[in-house]
Amino acid sequence: MSQLETPLFSGLLAHAKKNPVQFHIPGHKKGNGMDPEFRAYIGDNALAIDLINIGPLDDLHHPKGIIKSAQDLAAEAFGADRTFFSVQGTSGAIMTMVMAVCGPGEKIIVPRNVHKSVMSAIVFSGATPIFIHPEIDKDLGISHGITTDSVAKALEQHPDAKGVLVINPTYFGISADLKEIVEIAHSYEVPVLVDEAHGVHIHFHDDLPLSAMQAGADLAATSVHKLGGSMTQSSILNMKGNLVSAKRVQSILSMLTTTSTSYLLLASLDVARKQLAINGKELIDRTISLAQSIRQQVNEIEHLTCVGEEILESKAAFDYDPTKLIISVKELGLSGFDVEVWLREEYNIEVEMSDLYNILCIITPGDTEKEADILIQALKELSTERHSKPKKIEAQVLLPDIPVLALSPRDAFYAETELVPFDESEGRIIAEFIMVYPPGIPIFIPGEIITKDNLLYIKKNMEAGLPVQGPEDYDFKYLRVIKEHRAIR
């Protein structure tokens, strides 16, 4: 088969063209049973291929026809031995990776700043996380990846680990020396799992960091929808080598996946793969060029900095993706949150994210000079407005020690619990997740012993206006902890 072909999308179109009489779900029956306003906006073409796994259209849970052909083409395009499509987003693919290698009580080495789907999978599997602190960029106030030295040390101490999970590239586009990490892990016969949510495009251009498959990783969960042109919630799971069972991966992915799989999402993966394989280099060429142009112009604006290659001075920042624009705004005397709101209200601009010191803008093949000019114009106006007002905000990244894990996250999550006042919780075992941004590192996971330093860290972040996520009690008056059973008197 040729990368020009789209067996899944073409198969859907051929089926829709036959205009069959449908006595199956979805109940809207090509839009005829749907709200007219929504139908008019979405369009009959989209609704005609909003189908389910009937005979001619294959089954994502046991692909043998057009879905299998589409997945095989994707595997070829991404340099994988096997590719699995996910309609549960990259979160579903990440959970599959972890659960494919770990069982109850088994160890997995993970960075502390992992996505919550990793911790969810650890709860479901009953695995024990062995945490590595990511390297912190104190100037930007963000976390990078993990170093080769820290991975080597972790495996030396825990050679019985069932997997090493790496975020590559990070949310901010920073890549570790993934190839060496893979070599270190494989020397222990330990598979490497890669959270590649923000790196679908890097495989298709030589000026970008190595992709997971190029580095020899065993599994990689990749968000095609984030930067690769497919629809939201559509992702892939790439697989290479024989350290992990492909049948087990398929089985677990099926356990986590709806039986009513969306063919709109699946078809968008098929056509996104085609575009990346055929036109990816040309499209990414233009994207990199546009991003570098914006970076240069931002750096000419007073009080603003958009980092580039100079970020590669640390061990954890081995390479970077220039299409991610990390714009430091602290010299404006404003937080990233303030700038995000200003851009929204004054210019109708929405950024990818903001934190205390930065905003993050992503540039993709969907952007043009028009959008770039609007962003630059807005930032220039903001800088001019703040000319006489700035009082530089000093980046302060406090990083308390990782608490002691007293119970497995699963045991803690399912244990009998109670709510206790926040200020009286020191020494108790937490039963919920608490995460603070920046730098995006969980402060507590279920099963850890609450410490005074971590409680203080939460308070300081809340006072700084940072969103603290996770607790059941949004006001932080109480924390959910493992219930203590006292002797009966």
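Trainee: What makes β11, β13, β15 and β14 an open sheet, and in what order do the strands lie?

Mentor: The four strands lie in the order β11-β13-β15-β14, with antiparallel pairing, where strands are DSSP runs of E with at least two residues, numbered from the N terminus, and two strands pair if DSSP finds at least two bridges between them. β11 (305-306) and β14 (353-354) stand at the edges, each with a single partner strand, so one side of each has no neighbour in the sheet. This is a predicted model, in which local features need pLDDT of at least 70 and side-chain atom pairs count only at pLDDT 80 or more, while totals for chains, interfaces and linings use all residues. Residues are numbered from 1 along each chain as its sequence is written, and side-chain values use heavy atoms, leaving out hydrogens and water.

Trainee: How do you know that β14 and β15 pair?

Mentor: β14 and β15 (residues 358-362) are joined in the antiparallel sense over two bridges, and the rule asks for at least two. Within this pair, M353 stands opposite L360 in β15.

Trainee: Why is C361 called buried, and why is C102 called buried?

Mentor: Buried means under 20% relative accessible area, with exposed over 50% and partly exposed in between, using a 1.4 Å probe and protein chains only. C361 has 9% relative accessibility, so C361 counts as buried, and C102, at 4%, is buried too.

Trainee: What makes M97 buried, and with which residues is M97 in contact?

Mentor: M97 has 0% relative accessibility and therefore counts as buried. M97 lies in helix α5, a helix being a DSSP run of H or I with at least four residues. Contact means heavy atoms within 4.5 Å, and, leaving aside neighbours within four places in sequence, the contacts of M97 include L165, L193, L219 and L237.

Trainee: Which residues touch the most other members of the largest nonpolar core?

Mentor: Among them are M97, V118 and L165, in a core of 34 residues. Such a core is a set of buried Ala, Val, Leu, Ile, Met, Phe, Trp, Tyr and Cys residues joined through side-chain atoms within 4.5 Å. Helix α5 (89-101) is one of the elements that give two or more residues to this core, and α5 gives the most, with eight residues.
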